[in-house]
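Q: I have a protein model open on my screen, and I would like to learn how to read its features one at a time. Could you take me through it slowly?

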Amino acid sequence: MKKILLPLLTVTLFCSTFFSCKQKSSTIATEADSLSYVIGLSVGQSLIQLDSTLNVDAVCQGIRDVYGSTQKMTMDEARDYYLGQQTYFVHEKAEKYQEQFLADLRKSNREFVRLRNGVTYRIIKLGDQSVQSLVSRDTLNLAITIYDQSQNVIVETDTLQTAYRDLLEGLREVVRITGNGGSVDVWVPSAQAYGSEGNAELGIGANQLLNYKVDIVDINYYNKKKK
């Protein structure tokens with residue numbers, strides 16, 4: 001089912017004033033029937049543009065149920081269902097698009113490597129890898145620039161200090177691989193970044209693919225501090 005339920009709900013309420021979606025003969029007998037038929041043509045044209053696979057009988061059944069006060073779900077339930085379906089399909093479409101985008105990126109530049117979680121990166125400068133077992137309490141000093149897919153800057157900072165455990169999930173493994181003092185170019189799918197909620201504070205939208213340029217200025221290892 002495509003993203004048509006909300007328009008359909010609006011259409012259902014609108015059309016219920018004019019026609020019951022019952023089958024008519026080819027002869028339009030009255031002015032009311034003529035008006036209903038014209039509205040039906042307009043509604044049908046709009047719906048077929050939204051989804052040509054729409055079940056017309058189900059649409060008509062919904063309208064008849066409104067007329068007969070026999071709805072199988074309330075309008076609130078219908079809206080909740082639509083919003084759930086919208087979230088699912090938008091997220092699914094974004095995931096497929098991002099997967100294809102990153103596959104094309106790897107084809108155009110063989111330096112990029114894809115991790116199991118979909119994060120795709122290339123190491124610009126390899127850092128010190130003598131200690132790779134980062135733990136949650138290790139802290140990192142980073143210079144980070146975050147770009148959107150069109151390479152517009154979203155966030156830029158050269159003074160970020162963060163615990164390894166608080167680092168964005170999609171960046172942890174890449175930082176570990178790159179090593180202290182290294183630089184890396186990372187593409188993070190929305191599922192490994194801020195998901196369908198985004199981050200309003202940072203100006204990151206829902207289901208947004210992000211490109212991080214990261215310089216690992218320094219890593220302070222917690223175990224070394226304790227010794």
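Predicted model: local features only at pLDDT ≥ 70, side-chain atom pairs only at ≥ 80, totals over all residues.

Q: Which residue does the side chain of Asp185 meet in a salt bridge?

A: The general idea is that side chains of opposite charge can pair when their charged atoms come close. In this structure the side chain of Asp185 meets that of Lys213 in a salt bridge, with 3.7 Å from N to O. Because Lys213 lies in strand E6 and Asp185 in strand E5, the pair ties together parts that are 28 residues apart in sequence. Lys213, at 24% relative accessibility, counts as partly exposed.

Q: Which residues are joined with Asp185 and Lys213 into one network?

A: Salt bridges that share partners bring Glu111, Arg122, Asp185 and Lys213 together in one network. One of its links is the salt bridge between the side chains of Glu111 and Arg122, at 3.6 Å from N to O. Glu111 lies in the loop between H4 and strand E1 (113-114) while Arg122 lies in strand E2 (residues 120-125), so this pair ties together parts that are eleven residues apart in sequence. Arg122 is partly exposed, with a relative accessible area of 22%.

Q: How many salt bridges are there by this rule, and where do Arg176 and Glu173 lie?

A: The count comes to five salt bridges, and one of them joins the side chains of Arg176 and Glu173, at 3.8 Å from N to O. The general idea to hold on to is that an α-helix has 3.6 residues a turn, so residues three or four places apart point the same way. Arg176 and Glu173 are three residues apart in helix H5, which means that about one helical turn separates them. Arg176 is partly exposed at 28% relative accessible area, and Glu173 is likewise counted as partly exposed, at 26%.

Q: Which residues of H5 are buried, and what do the buried residues pack against?

A: To read a helix in this way, list its buried residues and then look at it from one end. In H5, the buried residues include Gly170, Leu171, Val174, Val175, Ile177 and Thr178. Seen down the axis of H5, its buried residues fall within an arc of 160°, so they line one face of the helix. These buried residues pack against E2, E3, E5 and E6. Just after H5, Gly179 takes a positive phi of about 90°.

Q: How many residues of strand E3 are buried, and which strands does E3 pair with?

A: Eight of the nine residues of strand E3 (residues 139-147) are buried, so this strand is largely enclosed by the rest of the structure. Eight bridges join E3 to strand E4 (residues 153-163), and the two run antiparallel; Leu142, for example, has Leu160 in E4 as its bridge partner. The hairpin of E3 and E4 has five residues between the strands, and in it Gln151 takes a positive phi near 70°. E3 also pairs with strand E6 (residues 210-220), in the antiparallel sense and over nine bridges. Among the bridge partners here are Asn141 with Asp218 in E6, and Ile144 with Val214 in E6.

Q: How many aromatic pairs are there by this rule?

A: To read such a pair, look at the distance between the ring centres and at the angle between the ring planes. The count comes to one aromatic pair. Phe101 and Trp187 form this pair, which is tilted, with 5.2 Å from centre to centre and 55° between the planes. The pair links distant parts of the chain, as Phe101 is in helix H4 (residues 75-108) and Trp187 in strand E5 (residues 183-188), 86 residues apart. Phe101 is partly exposed, with a relative accessible area of 23%, whereas Trp187 is buried, at 6%.

Conventions:
Residues numbered from 1 in each chain as written. Heavy atoms only, no water. Phe/Tyr/Trp six-rings, centres within 6.5 Å; stacked < 30°, edge-to-face > 60°. Helix = DSSP H or I, 4+ residues; strand = E, 2+ residues; numbered from the N terminus. Buried < 20%, exposed > 50% of the residue type's maximum accessible area, 1.4 Å probe, protein only. Pairing = 2+ DSSP bridges. Salt bridge = Lys/Arg side-chain N within 4 Å of Asp/Glu carboxyl O. Arc of directions from axis to C-beta. Contact = heavy atoms within 4.5 Å.
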